[in-house]
Amino acid sequence: MAKRDYYEILGVAKGADAKSLKSAFRKKAMECHPDRHPDDPEAEARFKELNEAYGILSDDQKRAAYDRMGHAAFEQGGGMGGGAGFQDFGDIFSQIFGGGAAGGGFSDMFGGGRGRQTIQRGSDLRYEMEISLEDAFTGKDIDIEVPIAEDCERCDGVGAEPGATIETCSTCGGAGRVRTQQGFFTMERPCTTCGGQGEYVSDPCRACDGQGQTRQQTALDVSIPAGVEDGTRIRLSGQGDAAPKRGGPGQRGDLYIFVSIKPHALFERDGPNLFCRAPVPMTTAALGGDVEIPTIDGGRSKLKVPEGSQSGRRMRLRGKGMSTLRSSQRGDMYVELSVETPSKLNKRQREILEEFAHEGGDDISPESKNFFDKAKAFWDELVD
Ligand SMILES: [Zn+2]
Ligand SMILES: [Zn+2]
């Protein structure tokens with residue numbers, strides 16, 4: 001799934017200007033052009049990748065979105081207008097190389113099919129949802145409100161005031177796009193006469209500004225499954241924007257819920273497992289004993305600390321981790337012990353510890369002994 005960085009694909013620095021972008025693209029695209037490597041799927045894949053990268057980075061708006069959000073800006077439309085679709089490549093390539101450079105095969109491969117009648121589709125929508133780790137553990141139904149584009153009620157999606165006249169654009173014959181021949185390529189551009197609308201409306205609808213659609217706050221109930229991971233995308237099919245009615249038959253877009261999980265005060269998550277750093281009194285660490293550890297389900301677990309435990313010791317509480325998607329299994333919880341040195345001692349405590357220190361010897365501090373043995377060897381070597 002990991003997509004390569006667009007700058008890396010083109011081999012340019014992040015701040016590269018338009019000119020160096022273009023020349024880098026030109027150079028690399030020539031190397032792996034499908035005409036030079038017929039029947040080489042790897043070259044074709046590289047070529048597609050290059051086109052996609054250049055399509056985004058050569059467009060100031062898309063580039064800014066990419067710099068801000070990375071690939072997420074263009075995932076499945078993501079409300080960003082879909083990024084550089086495969087069908088745009090013919091145009092990009094011909095703009096750079098000029099008409100005939102790429103040859104007829106290229107035109108067939110990438111330029112064809114653009115004039116095909118496509119079903120209109122409403123935009124996909126993106127909704128950011130932040131939940132707690134506890135909610136990710138249990139799963140939760142969450143009510144949200146999303147502004148979704150629907151047919152304007154005043155004009156029934158037509159975009160005209162009642163009684164207004166609508167004329168078909170004579171330049172494009174109502175299609176909203178015009179095709180021109182340039183070398184081997186057929187290019188299609190939005191019609192400039194009618195601004196791509198295909199028609200003129202004498203009196204645009206006042207409720208929707210002639211758009212035919214308005215956004216309406218729509219309440220939805222989203223079911224977050226137990227075990228959901230940070231960064232999960234939940235697709236609600238057909239719950240996005242309605243397709244504009246004017247364009248003929250259409251299909252609604254999708255709504256994507258992007259789930260992020262808030263950092264937790266006690267637990268860190270690694271997939272199905274949890275990690276917790278627990279302080280242990282020095283005496284418990286030395287003598288052994290039980291400590292109580294909080295668990296993500298709201299309960300507590302008893303952890304047996306073995307005699308002579310050091311800071312950094314990791315222990316496992318089996319089955320006390322996160323829930324997992326579509327399974328009744330739970331991960332584990334790893335507890336890292338952090339031995340706490342007593343502070344603010346009273347007189348009596350100080351006396352006891354001083355007495356303890358006098359009793360002490362190498363044997364009770366194995367790590368110190370090990371450390372100073374190594375230090376001694378180090379100093380001895382310097383003397384030699
Ligand atoms: Zn309207
Ligand atoms: Zn037109």
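Q: Which exposed residues does the face of α2 turned away from its buried side carry?
A: This is a predicted model. The outward face of α2 carries K19, K27 and M30, which are exposed.

Q: Which residues of α2 are buried?
A: A24, F25, K28 and A29 are the buried residues in α2. Viewed along the axis of α2, these buried residues fall within an arc of 125°, so they line one face of the helix.

Q: What covers the buried residues of α2?
A: The cover includes α1 (6-10) and α3 (41-57).

Q: How many residues has helix α2, and what distance does it reach from its first C-alpha to its last?
A: Helix α2 spans residues 18-31, which is 14 residues. From first to last C-alpha it reaches 20 Å, close to the 20 Å expected at 1.5 Å a residue.

Q: How many residues of α9 are buried?
A: The number buried is zero of the 13 residues of α9, so this helix lies largely in the open. Helix α9 covers residues 347-359 and reaches 19 Å between its first and last C-alpha, close to the 18 Å expected at 1.5 Å a residue.

Q: How many helices and strands does the chain have?
A: The secondary structure comes to 10 helices and 17 strands. Of the 384 residues of the chain, 23% count as buried. Among contacts between residues at least 6 apart in sequence, 64% join residues at least 24 apart.

Q: In which sense do β13 and β17 pair, parallel or antiparallel?
A: Strands of a sheet pair through backbone hydrogen bonds, either parallel or antiparallel. Here, β13 (residues 273-281) and β17 (residues 333-340) pair in the parallel sense over eight bridges. In this pairing, A278 stands opposite L337 in β17.

Q: In which sense do β16 and β17 pair, parallel or antiparallel?
A: Strand β16 (residues 314-317) pairs with β17 in the antiparallel sense, over four bridges. R314 stands opposite E336 in β17.

Q: What is the order of the open sheet of three strands?
A: The order is β2-β11-β9, and the pairing is mixed. β2 (125-131) and β9 are the edge strands, each pairing on one side only. Neighbouring strands of this sheet are turned by 25° against each other on average, direction ignored.

Q: How many bridges join β9 to β11?
A: Four bridges join β9 to β11 (residues 255-261), and the two strands run antiparallel. L236 stands opposite L255 in β11.

Q: Which residues have the most contacts inside the largest nonpolar core?
A: In soluble globular proteins, nonpolar side chains tend to be buried together. The largest nonpolar core in this model has 25 residues, and those with the most contacts inside it are L125, L255, I257, L274, I296, V305 and L337. The elements giving two or more residues to this core are β2, α7 (133-138), β3 (140-151), β11, β13, β15 (300-305) and β17. The largest share, five residues, comes from β11.

Q: Where is G248 found, and is this residue buried or exposed?
A: G248 is found in the loop between β9 (233-236) and β10 (250-251). G248 has 11 other C-beta atoms within 10 Å, so G248 is exposed. In sequence, G248 and Q120 are 128 residues apart, yet in space they are 7.3 Å apart, C-alpha to C-alpha.

How values were computed
Residues are numbered from 1 along each chain as its sequence is written. Chains are lettered from A and ligands numbered from 1 in the order in which they are written. This is a predicted model: local features need pLDDT of at least 70, side-chain atom pairs count only at pLDDT 80 or more; totals for chains, interfaces and linings use all residues. A residue is buried if 20 or more other C-beta atoms lie within 10 Å of its own, exposed if 12 or fewer, and partly exposed in between; C-beta atoms are placed from the backbone. Two residues are in contact if their C-beta atoms, placed from the backbone, lie within 7 Å. The expected span of a helix is 1.5 Å times one less than its number of residues. The arc is that of the directions from the helix axis to the C-beta atoms. Two strands pair if DSSP finds at least two bridges between them. Axes are lines fitted to C-alpha atoms, for helices over the stretch in contact, and angles run from 0 to 180 degrees between N-to-C directions. A nonpolar core is a set of buried Ala, Val, Leu, Ile, Met, Phe, Trp, Tyr and Cys residues joined through C-beta atoms within 7 Å.
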